[in-house]
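Visitor: I would like to go through this structure term by term. For each label, please give the cut-off and then the value.

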Amino acid sequence: MISKLGFGKWALPLYAIIALTFLMIPIAYTFIFSFNDSLKTNIVWRGFTFNKWLDVCNQQEVCEAFGNSLIIGVTATVCATILGTMIAIALVRYRFRFRSAISLLLFLPMATPEVVLGAGLASEFLTAGVDKGMVTIIIAHTMFCVSFVVVTVKARVSTLDPALEEAGRDLYGSPNQVFWRITFPLLLPGIIAAALLSFALSFDDFIITYFNSGTTNTFPKYVYVSAARGIPAEANVIASAVFFLAIILVLISQVSSAIRRKRLEKVS
Amino acid sequence: MASGAFAESGADLELVGIQKRFPGFTAIEHLDLTIPAGSFFALLGPSGCGKTTTLRLVAGLEDPTEGRVLIGGKDVTKLKPYQRPVNTVFQSYALFPHMTVLENVAFGLRRRHIADPLGKAHEALRLVELDHLATRKPQQLSGGQQQRVALARAVVNRPALLLLDEPLGALDLKLRRQMQLELKSIQEEVGLTFVHVTHDQEEAMTMADTVAVMNKGEIEQLGAPQELYELPRTAFVANFLGQSNLFTGKVTGTTSSAITVDIEGVKIIVPSKRAQRHTGEVTVGVRPEKLHLLLKAPKVDSSVNVLGPGRIIDVSFSGVSTQYILTIPGIGKVTVFQQNMSSGPLAHEGSEVWVSWDVEHGFGLADEPAASPKFSADTDTATIALQKKQALMSELEEA
């Protein structure tokens with residue numbers, strides 16, 4: 001009995017520490033080696049330097065791939081969020097022909113293996129005679145991001161009391177005004193969540209991108225290709241920066257919501 | 001609706017031949033209704049009777065299948081909700097959660113570009129005594145406060161017509177009483193036409209100056225609350241507004257001023273002007289508090305109707321009054337309310353008693369006797385629950 005209790009006491013924390021360490025090692029490795037004074041390859045530790053951080057675009061290819069990924073991510077996110085929000089509202093608020101068929105079709109890109117999606121799209125572009133590049137990547141990313149946006153925003157729309165929009169119309173708001181002053185602000189948390197999700201999905205997508213990018217390089221594609229001959233430390237810099245940026249964003253949103261909650265409690 | 005201007009005063013509302021069908025059922029069969037300007041009008045009925053649909057038709061949130069809606073003599077049937085000089089206090093209040101109380105109230109004014117929206121919003125909030133909470137968000141207010149904000153948000157626009165959709169339903173009893181009085185005084189103060197939808201007969205009677213009792217998409221009777229109570233036209237009204245004792249029998253004699261109805265061998269006299277029908281089978285009724293409970297058979301008197309003897313089967317004491325239920329052989333159950341003038345009950349379970357009432361207190365109903373159980377199957381809660389379930393199932397199937 002006692003030994004059992006003792007085991008429970010240390011086993012769980014130990015397991016947690018091991019699991020966390022295991023997860024953190026690659027990230028820590030990436031971060032540490034972004035300070036390596038490396039030459040072409042970044043495998044052996046050659047001494048500490050800030051140079052890679054100060055001069056990221058020294059390796060032109062890394063920066064260009066990163067820039068492409070940003071452009072693709074932002075464009076695909078904007079397109080997917082606008083389209084997805086409109087689809088979500090239509091699916092919840094209106095009854096129309098093929099409504100259930102559309103809901104079902106929207107689930108498919110999430111369920112289909114990425115290899116199949118990527119290959120399918122690639123052959124589609126080939127048949128249509130579209131040159132692969134930035135545009136085809138954006139189209140592909142928008143396609144699978146829309147599904148995630150619809151699912152996220154739909155959940156928000158269905159919790160929105162239709163009486164609120166009716167009240168807006170009753171209080172002399174034109175359809176336009178009701179949408180922008182009532183519906184949109186109330187859906188905004190869901191829309192932001194959907195946009196962040198689709199940016200993250202687009203930014204690190206490799207498989208679908210690989211099939212449809214032609215010669216255009218994205219950050220994940222660059223990392224994958226150069227892994228064979230050694231990834232330059234500049235890639236580590238960008239990866240670390242993205243990681244910390246994400247952590248900081250999460251912290252800011254947590255802290256600000258905690259502050260807001262405290263202020264609400266004080267008032268009431 | 002001209003922007004930048006308020007309605008001068010309340011306006012008449014006229015519904016002409018309104019019919020509303022939804023896929024699968026008809027909410028309103030045929031409705032003609034005129035509500036004069038400046039009145040406090042209540043639409044009273046059980047759930048599912050079409051009263052909320054009527055309100056939504058007036059607000060423009062639903063389009064009638066047939067018929068016309070006129071406000072102040074102007075046909076608004078084709079106008080969108082935001083083009084109608086009408087405001088609604090929603091059952092759920094529907095306050096905008098992302099705006100402060102003040103911005104909620106100013107919303108309608110801003111949409112119509114009325115000068116000094118914030119000043120007018122503050123004024124409306126002072127009317128409902130909530131100006132000190134103007135900077136709060138709706139979810140920081142209590143139910144009663146939210147209700148008052150919803151009212152201020154509607155009243156501030158000075159609509160020709162203010163629609164209230166069971167706005168007091170979510171409040172507890174004490175708060176509801178308080179809000180009823182407040183609503184009434186606000187209506188008198190601002191002089192708008194109020195149309196109030198409710199299933200609470202007491203609320204309708206205390207607040208409204210005209211009540212329309214609705215059942216199954218039609219208006220059963222319309223009039224002043226006292227008039228409806230004292231002289232109901234149908235069994236539905238007689239039982240929905242308070243309680244009634246109803247007896248059915250054949251008319252055996254007619255004089256210029258009264259009819260005599262034979263109820264299981266007992267002659268009951270009803271004044272002609274209080275009876276809707278003067279021949280054939282008729283249902284006569286009397287309110288329980290109009291009955292006198294007697295321990296001895298009374299002397300024969302042509303100005304008093306007597307039934308009995310019967311036996312008391314239940315006595316329940318409720319403070320100001322006592323309710324007796326007795327059965328009279330061949331006639332059935334009769335309910336009597338007696339004020340507790342002396343301490344202790346007048347009679348006990350099993351006592352032999354008679355009941356009597358002034359001829360002037362009886363009324364005769366318009367229903368065909370066969371149709372008298374008007375609480376028919378499709379208005380009870382079980383049927384409504386079933387309908388809801390079916391609607392839900394079909395929606396699920398579709399999804």
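Visitor: What pattern does chain A follow along the sequence?

Guide: Read along its sequence, chain A runs α-α-α-α-α-α-α-α-α-α-α. Its secondary structure comes to 11 helices and 0 strands, where helices (H or I, at least four residues) and strands (E, at least two) are DSSP runs numbered from the N terminus. This is a predicted model, in which local features need pLDDT of at least 70, side-chain atom pairs count only at pLDDT 80 or more, and totals for chains, interfaces and linings use all residues. Residues are numbered from 1 along each chain as its sequence is written, and chains are lettered from A and ligands numbered from 1 in the order in which they are written.

Visitor: Why is chain A called more spread out than a compact globule?

Guide: The radius of gyration is taken over C-alpha atoms, and the globule rule is 2.2 Å times the number of residues to the power 0.38. For 268 residues that rule gives 18 Å, and chain A has 24 Å, well over it, so chain A is more spread out than a compact globule. Along the principal axes, the C-alpha trace of chain A spans about 70 × 70 × 45 Å.

Visitor: What makes A:Glu61 partly exposed?

Guide: A residue is buried if 20 or more other C-beta atoms, placed from the backbone, lie within 10 Å of its own, exposed if 12 or fewer, and partly exposed in between. A:Glu61 has 15 such atoms within 10 Å, so it is partly exposed. The residue lies in helix H3 (residues 60–93) of chain A. Of the 268 residues in chain A, 31% are buried.

Visitor: With which residues is A:Glu61 in contact, leaving aside its neighbours within four places in sequence?

Guide: They are A:Asn217 and A:Tyr222; contact requires C-beta atoms, placed from the backbone, within 7 Å. A:Arg99 is 38 residues from A:Glu61 in sequence and 46 Å away in space, C-alpha to C-alpha.

Visitor: How do you know that the buried residues of H5(A) are on the same side?

Guide: The buried residues of helix H5 (residues 114–128) are A:Gly118, A:Leu121 and A:Phe125. They cover an arc of only 70 degrees around the axis, which puts them on the same side of H5(A); the arc is that of the directions from the helix axis to the C-beta atoms. On the other side, the exposed residues are A:Val115, A:Val116, A:Ser123, A:Leu126 and A:Thr127. Helix H6 (134–158) and helix H9 (207–212) of chain A are among what covers the buried ones.

Visitor: What makes S13 and S20 of chain B edge strands?

Guide: The open sheet has 5 strands in the order S13-S12-S11-S14-S20 (chain B), with antiparallel pairing. Strand S13 (266–271) and strand S20 (363–364) each have a single partner strand, so one side of each is left without a neighbour in the sheet.

Visitor: How do you know that S14(B) and S20(B) pair?

Guide: Two strands pair if DSSP finds at least two bridges between them. Strand S14 (residues 281–286) is joined to S20(B) by 2 bridges, so the pair meets the cut-off. The strands run antiparallel, and B:Val284 has B:Gly364 in S20(B) as its bridge partner.

Methods: Two residues are in contact if their C-beta atoms, placed from the backbone, lie within 7 Å.
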